[in-house]
Amino acid sequence: MRNKEDIKNLMNELQTGSHKEIRFDEEAIFAAYEEKNTNHQSLSIKILSIFGGLLACITFLAFMFATNMFESETGMVITGLICITGSSLVSRLSRKTIMDTLSVTFFITGFALLAFGLSKDENSIYISFSILALCTIFFVQSYILSFISILIINGCIVTFAISNDLNTLLHIIIAIQALFITFLFLQEAKIITANKIFSKLYDPIRTGMMFSFIFTLATLGINLIRNIDISFNWIPSAIIVLTILYVVSLLFKKLEITNTPNKVIIYISTISMLLPTLLTPTIAGAILILLLSFFVNYKTGFVLAIIALIYFIGKFYYDLHFTLLTKSIILFVSGVIFLAIYFFTHKKLTENEKI
């Protein structure tokens with residue numbers, strides 16, 4: 001909404017169009033609008049704040065390393081906890097961009113110092129990081145710190161699984177992330193209206209889970225963890241494919257596709273396209289985010305999903321142990337399927353526009 005007049009007009013329309021009497025707390029609505037308008041920051045500003053804080057953290061740690069300040073492990077743990085607590089208080093008390101950058105700097109620095117102090121026991125790092133990040137999410141309720149905390153929690157779980165050679169756990173993590181992200185996207189209205197805290201945390205948690213899901217999928221292609229048994233990759237892939245089919249069924253309603261033969265063709269085309277990637281859940285995961293973002297009109301997720309899909313397809317193509325001719329045939333068939341889906345949906349949308 002552009003201004004208060006739009007809000008006032010909308011409330012009048014709702015009151016006029018309703019058969020029952022509707023009462024609005026106009027003062028609270030306008031106060032919330034003023035607060036959001038004053039403290040609103042674009043996603044690009046928030047990302048720049050995170051990268052700015054990360055660079056400042058690296059510079060500070062380099063200075064500490066150059067001056068031999070890493071000799072006391074206890075001192076690093078205490079300093080790290082002070083930095084995390086201080087950054088959380090700063091972020092909670094002030095919503096300005098410069099303060100956000102400062103809080104991000106101390107927040108990341110605190111976790112880095114804590115990691116150096118607890119470096120002798122890796123599992124204690126994962127537990128400590130997860131608990132601190134979880135506390136930050138619910139007590140600070142800051143967009144940037146909550147987003148970073150979600151990345152930290154997911155990163156700790158994935159790193160714990162990899163470092164302890166728990167390959168099955170990694171597959172379970174991917175499946176759970178896919179289902180949780182689907183729940184977040186499809187239940188947005190219920191979540192943000194259920195509780196005031198949930199409404200504040202919804203955006204950073206959704207964005208953080210989306211990035212975490214893509215990062216987790218990307219770990220499957222890292223050379224350092226090639227010892228992961230890919231024969232079990234079909235488990236998360238199957239769950240993701242079933243979730244995609246469910247989202248496709250919801251898209252039928254949104255696009256008003258009621259013709260049963262058309263539905264069957266789309267289902268068969270979707271399964272045929274995803275079946276060759278059954279042992280590589282990365283492509284199906286990117287497509288899932290793409291469809292979910294399209295369904296709820298989430299532009300950031302849509303763009304990120306396209307970038308991830310291009311990368312995962314390129315990685316899948318590069319890792320195939322086939323001849324160049326076979327790879328070319330696979331790409332050709334995939335291209336034909338994508339073009340068929342495009343022309344079908346374009347024709348359907350054109351018919352709806354004429355109506």
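A contact is counted where heavy atoms lie within 4.5 Å. Of the contacts in the protein with a separation of 6 or more, 70% join residues 24 or more positions apart. The structure is a predicted model, in which local features need pLDDT of at least 70 and side-chain atom pairs count only at pLDDT 80 or more, while totals for chains, interfaces and linings use all residues. Residues are numbered from 1 along each chain as its sequence is written, and side-chain values use heavy atoms, with hydrogens and water left out.

The secondary structure consists of 15 helices and zero strands; both are DSSP runs numbered from the N terminus, with helices (H or I) having at least four residues and strands (E) at least two. Of the 355 residues in the protein, 37% are buried. The protein exposes about 21000 Å², and carbon and sulfur atoms supply 69% of that area. Accessible areas come from the Shrake-Rupley method with a 1.4 Å probe, and for residues only the protein chains shown count as cover.

The interior was examined in terms of nonpolar cores, each a set of buried Ala, Val, Leu, Ile, Met, Phe, Trp, Tyr and Cys residues joined through side-chain atoms within 4.5 Å. The largest nonpolar core has 69 residues, and those with the most contacts inside it are Ile 152, Phe 213, Ile 240, Ile 244 and Ile 287. Helix α7 gives the most to this core, with 10 residues. In soluble globular proteins, nonpolar side chains tend to be buried together. When residues up to four places away in sequence are not counted, Ile 240 touches Ile 174, Ala 178, Phe 213, Pro 281, Ala 284, Gly 285 and Leu 288.

Helix α7 covers residues 143–163, and its end C-alpha atoms are 30 Å apart, in agreement with the 30 Å that its 21 residues should span at 1.5 Å a residue. The expected span of a helix is 1.5 Å times one less than its number of residues. Asp 165, which follows α7, has a positive phi near 55°.

Helix α6 (residues 122–140) contains Ile 125. The buried residues of α6 are Ser 124, Ile 125, Tyr 126, Phe 129, Ser 130, Ala 133, Thr 136, Ile 137 and Val 140. Ile 125 has a relative accessible area of 12%; leaving aside neighbours within four places in sequence, Ile 125 is in contact with Ala 115, Leu 118 and Ser 119. The C-alpha atoms of Ile 125 and Phe 111, which are 14 residues apart along the chain, are separated by 9.5 Å.

Positive phi values also occur in loops. Gln 141, in the loop between α6 and α7, has a positive phi of about 60° although it is not a glycine, and counts as buried at 15% relative accessibility. Asn 297 likewise is not a glycine and has a positive phi of about 60°. Asn 297 is found in the loop between α13 (281–296) and α14 (299–319) and is exposed, with a relative accessible area of 57%.

A salt bridge is assigned where a side-chain nitrogen of Lys or Arg lies within 4 Å of a carboxyl oxygen of Asp or Glu. The count comes to two salt bridges, and Glu 188, Asp 203 and Arg 206 are linked in a network. Arg 206 meets Glu 188 at 3.8 Å, N to O. This pair links distant parts of the chain, with Arg 206 in helix α10 and Glu 188 in helix α9 (residues 188–194), 18 residues apart. Asp 203 and Arg 206 meet at 3.7 Å, N to O; being three residues apart in helix α10, they are separated by about one helical turn. Arg 206 is buried, with a relative accessible area of 7%, whereas Glu 188 is partly exposed at 26% and Asp 203 is partly exposed at 36%.

Phe 232 lies in the loop between α10 (196–219) and α11 (234–254) and is partly exposed, with a relative accessible area of 40%.

Conventions:
Buried < 20%, exposed > 50% of the residue type's maximum accessible area, 1.4 Å probe, protein only.
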